[in-house]
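Biologist: I'm new to this one. Please take a close look at one part for me, the way its pieces pack, and talk me through it slowly.

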Amino acid sequence: MEMLKEKNTDIERSIYVACLSSYNNGILHGKWIKLLTKKPYQDEEVWEFDKNYIQDEIDSMLKSSKMPNAEEWAIHDYDNFIDLGEYPSIDEIENYMYAIEKHGYDVVKGFKEMYPSDDISSLDDKTYHTHYNSFKEYAEQLAIDTVLCEYDSDSTICRYFDYDLFTKDLQYDYSVYETDDNNVVIFEDN
């Protein structure tokens, strides 16, 4: 994969990795690991996802455990990252990082929530719409752009067009994810 140049460098994405040997013995031992590190690249610095760095950080955390032969780990928390459960591989985390870079955090989070059994790579084939406050706003704009664009705004069809019914019928072909900032990501299901 090519070098990741994270667009939102002001957002720190981290995972909390815990030693399972310690955890199973009632001891909390773990470490927050940043998913992106700043690296020099050509004439600038970029934020990079480095699998070796993450593995080294996990190995270091396990090595510092008070439990002998500590070698198993789990992710117990996420910060500004998609919740992939306790046992994702580093490769899976990397795939989600690249999806966030390509599509944006809200789209990836919405995709994971709306289609939990789909592989993240299938997001590349999905049509989605952003920058709307509601599905109704999207449906009204779609009606104007596709149905009503042929008519003068003073025409009878424009004055009596039933936007609510159009929105209701259209919803059967979409999945709508509401973001944390009260916008929506609209995925086409057909």
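**How the helices pack**

Modeller: Helices H5 and H7 are roughly perpendicular to each other, a label for angles of 65 to 115 degrees (under 35 is roughly parallel, over 145 roughly antiparallel, the rest oblique). This is a predicted model, where local features need pLDDT of at least 70 and side-chain atom pairs 80 or more, while totals for chains, interfaces and linings use all residues. Residues are numbered from 1 along each chain as its sequence is written, and side-chain values use heavy atoms, leaving out hydrogens and water.

H5 covers residues 135-147 and H7 covers 163-170; they pack at about 105°, with their axes 9 Å apart. Axes are lines fitted to C-alpha atoms, for helices over the stretch in contact, with angles from 0 to 180 degrees between N-to-C directions. Helices (H or I, at least four residues) and strands (E, at least two) are DSSP runs numbered from the N terminus. On the H5 side, the residues that meet H7 include Phe 135, Tyr 138, Leu 142 and Val 147, and their partners in H7 include Tyr 163, Phe 166 and Leu 170. By class, that contact (heavy atoms within 4.5 Å) has 10 nonpolar, one polar and three charged residues. Nonpolar here covers Ala, Val, Leu, Ile, Met, Phe, Trp, Tyr, Cys and Pro; Asp, Glu, Lys and Arg are charged, and the others, Gly among them, are polar.

Now for another pair. The axes of H3 and H4 come within 7 Å and cross at roughly 125°, so H3 is oblique to H4. Tyr 96, Ala 99, Ile 100 and His 103 from H3 meet Tyr 105, Val 107, Val 108 and Lys 112 from H4. Six of these residues are nonpolar, one is polar and one is charged.

H4 has buried residues too: Tyr 105, Val 107, Val 108, Gly 110 and Phe 111. Buried means under 20% relative accessible area, exposed over 50% and partly exposed in between (1.4 Å probe, protein chains only). Among what covers them are H3 and the strands E6 (128-132), E7 (174-178) and E8.

Of its 34 residues, Phe 81 and Ile 93 touch the most other members. H3 gives the most to this core, six residues. Beyond its neighbours within four places in sequence, Phe 81 is in contact with residues including Leu 35, Ile 93, Tyr 96, Ile 100 and Tyr 105.

Terms used
A nonpolar core is a set of buried Ala, Val, Leu, Ile, Met, Phe, Trp, Tyr and Cys residues joined through side-chain atoms within 4.5 Å.
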